[in-house]
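Q: Here is a model to read together. Could we go through its features one at a time, with the general idea before the case?

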Amino acid sequence: MPKVTQEYMEARREQILDAARRCFLRDGFHSTSMQDLFAESGLSAGAVYRHFASKNEMITAIVEENMRDVLAMAHSVAKDRPSSSIGDLMADVIDIVRVKTADQNIAGLSVLAWSESLRNPLLAEQFADLMKQMRSALTDVIREHQRNGRLTRTVSAEAIAATLMCTLPGYILQLAMGDTESLEGVPDALRALWPDTAAS
């Protein structure tokens, strides 16, 4: 029997997740059955279950995959670009969401996942953990800005990070609803609201 490579397994996993994205966006999470996912992916039940035990695992994997680039960028800024303005950081996050929505409609999938998390405690817990990681990375950047005088110290870094995080769901919701025209200026607005005070 030929050895199954890691590349083959990863390709099958992505094939399943691509099928799940299409099904969830087309029919909704609850109306999509595992049989629908088998048919959409073109794989057998055994092949799908080798990677995912349930729809919940699929939607969690999709959410984690979508957040990975945003988290990586936030951690990179905290480590390698601590002097970048908060506006630049938030604009970069928005740009990642916009590009990934054009490619995989992560805005629509995020809204579906948020809705499902209201009735699914496990998904809600995983969502909360991802948001906590994002907030922590942003808090690290804000603390650095407070230390070097670029941001006020009259409120905590955690509170500022939580406030900035509140802008992201609003952007994602409007993007999911197709309101792209009014969102075009958002990255520039973020840079204007939170500029690099050291450069001014």
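Q: With which residue does E65 form a salt bridge?

A: Side chains of opposite charge can pair when their charged atoms come close. In this predicted model, E65 pairs with R21, and their closest N and O atoms are 2.2 Å apart. E65 belongs to helix α4 and R21 to helix α1, so the bridge ties together parts that are 44 residues apart in sequence.

Q: Are E65 and R21 buried or exposed?

A: E65 has a relative accessible area of 10% and is buried. R21 is buried too, at 4%. The cut-off used here is under 20%.

Q: How many salt bridges does the count come to?

A: The count comes to 13. Among them is the bridge between D88 and R191, at 2.9 Å from N to O. D88 is in helix α5 and R191 in helix α11 (residues 186–193), so this pair ties together parts 103 residues apart in sequence. D88 is partly exposed, with a relative accessible area of 28%, and R191 is partly exposed with 28%.

Q: What separates R98 and D95 along helix α5?

A: R98 and D95 are three residues apart in α5, which means about one helical turn. Their side chains meet in a salt bridge at 3.7 Å, N to O. R98 is partly exposed at 42% relative accessibility, and D95 is partly exposed at 23%. Elsewhere, salt bridges with shared partners join R22, R26, D27 and E40 into one network.

Q: Which residues touch the most other members of the largest nonpolar core?

A: In soluble globular proteins, nonpolar side chains tend to be buried together. Here the largest nonpolar core has 50 residues, and F24, M58, L138 and I142 touch the most other members. Helix α4 gives the largest share, eight residues. Leaving out residues up to four places away in sequence, F24 touches F29, T32, K55, M58, I59, I62, L109 and L112.

Q: At roughly what angle do the axes of α1 and α6 cross?

A: Two packed helices are described by the angle between their axes and the distance between the axes. The axes of α1 and α6 cross at roughly 70 degrees and come within 10 Å. The two helices α1 and α6 are therefore roughly perpendicular to each other. At the contact, R21, F24 and L25 of α1 meet G108, L109 and L112 of α6. The residues of this contact divide into four nonpolar, one polar and one charged.

Methods: Residues are numbered from 1 along each chain as its sequence is written. This is a predicted model: local features need pLDDT of at least 70, side-chain atom pairs count only at pLDDT 80 or more; totals for chains, interfaces and linings use all residues. Side-chain values use heavy atoms; hydrogens and water are left out. A nonpolar core is a set of buried Ala, Val, Leu, Ile, Met, Phe, Trp, Tyr and Cys residues joined through side-chain atoms within 4.5 Å. Buried means under 20% relative accessible area, exposed over 50%, partly exposed in between (1.4 Å probe, protein chains only). Helices (H or I, at least four residues) and strands (E, at least two) are DSSP runs, numbered from the N terminus. Contact means heavy atoms within 4.5 Å. Axes are lines fitted to C-alpha atoms, for helices over the stretch in contact, and angles run from 0 to 180 degrees between N-to-C directions. Angles under 35 degrees count as roughly parallel, over 145 as roughly antiparallel, 65 to 115 as roughly perpendicular and the rest as oblique. Ala, Val, Leu, Ile, Met, Phe, Trp, Tyr, Cys and Pro count as nonpolar, Asp, Glu, Lys and Arg as charged, and the others, Gly among them, as polar. A salt bridge is a side-chain nitrogen of Lys or Arg within 4 Å of a carboxyl oxygen of Asp or Glu.
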